[in-house]
Amino acid sequence: MTTTDTEEPTLTIDELAARAGVTVRTVRFYGTKGLLPPPVLGPRRVGHYGREHLARLALIEELQQQGMTLAGIERYLRQLPPDLSAHDLAIHRAVVASWAPESVETVTRAELERRAGRPLGEEDVERLVAMGVVRPADGGYEADLGLLRLGAGLLDVPLSQEAIFAARKVLVEHARAAARELSQLFRGEVAERDARDVRSLSAHMHPLVVQALLTAFQRSLKEELGGWLTGPSGSTRPSGSTGPSGSGGSSGSGGSAAG
């Protein structure tokens, strides 16, 4: 399925379960508990699911990995606005994942595919190994479960492995710089406070800062890509043009093309 948040749901319950790495019975159970919104009924009253259902299942799985009970997950999801898009749910999942340290487990090939939410060919596994998400181990694989879904998503991105590694380097370097500056800022703010206040502030700020960074980055990237695709005149840039005016990269275009 290749849809945007506004497109009609197109997944059957079997396809949704396969994408999410769960059973059809689990999907139905979550539906009866109110954890998943009802499907859209099509011809012959066949239920169809969309990206929001898939993103909500990923969020539920993340909450379970953090040790939250089913009752706790129900309370958490009830606090969320009912009309959250798949993108908004993905941000919530990223924030939830930030609460816990790295989680590396040894899993079988079947479990690796279930956690990835998709079938994995040999080439897919090799790319995940190259990304540092998966390592071969005795009887299976050591998988960083916090990165596995992200790595699996990158398998479908039409970028070379070298470009993905270069993008990772850029993100890591800038994330470390932002973390260092924010840490210094907060350290000065809490220097004179009691240790319990510091821990409380850290617990509250961690998910908020992560969500703020994700939102700011998403908006900045949207602006950069929008400017790159439309050019300074507001018209769509022709295919094959690399310079800011569509001239194929004239003098002085190197700096402006990068943003």
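## Leucine 80 and the cores

Leucine 80 is in contact (heavy atoms within 4.5 Å) with Leu59, Leu89 and His92, when residues up to four places away in sequence are not counted. This is a predicted model, in which local features need pLDDT of at least 70 and side-chain atom pairs count only at pLDDT 80 or more, while totals for chains, interfaces and linings use all residues. Residues are numbered from 1 along each chain as its sequence is written, and side-chain values use heavy atoms, with hydrogens and water left out.

Leu80 is among the residues with the most contacts inside the largest nonpolar core, which has 23 residues; such a core is a set of buried Ala, Val, Leu, Ile, Met, Phe, Trp, Tyr and Cys residues joined through side-chain atoms within 4.5 Å. Buried means under 20% relative accessible area, exposed over 50%, and partly exposed in between, with a 1.4 Å probe and protein chains only. At least two residues of this core come from each of H1 (13-20), H2 (24-32), H3 (51-65), H4 (70-78) and H5 (86-97), where helices are DSSP runs (H or I, at least four residues) numbered from the N terminus. H3 gives the most, with five residues.

Val24, Val27 and Tyr30 are buried in H2. Seen down the helix axis, the buried residues of H2 fall within an arc of 125° (taken from the directions from the axis to the C-beta atoms), so they line one face. The face turned away from this buried side carries the exposed residues Arg25, Arg28 and Thr32, whereas the cover over the buried residues of H2 includes H1, H3 and H4.
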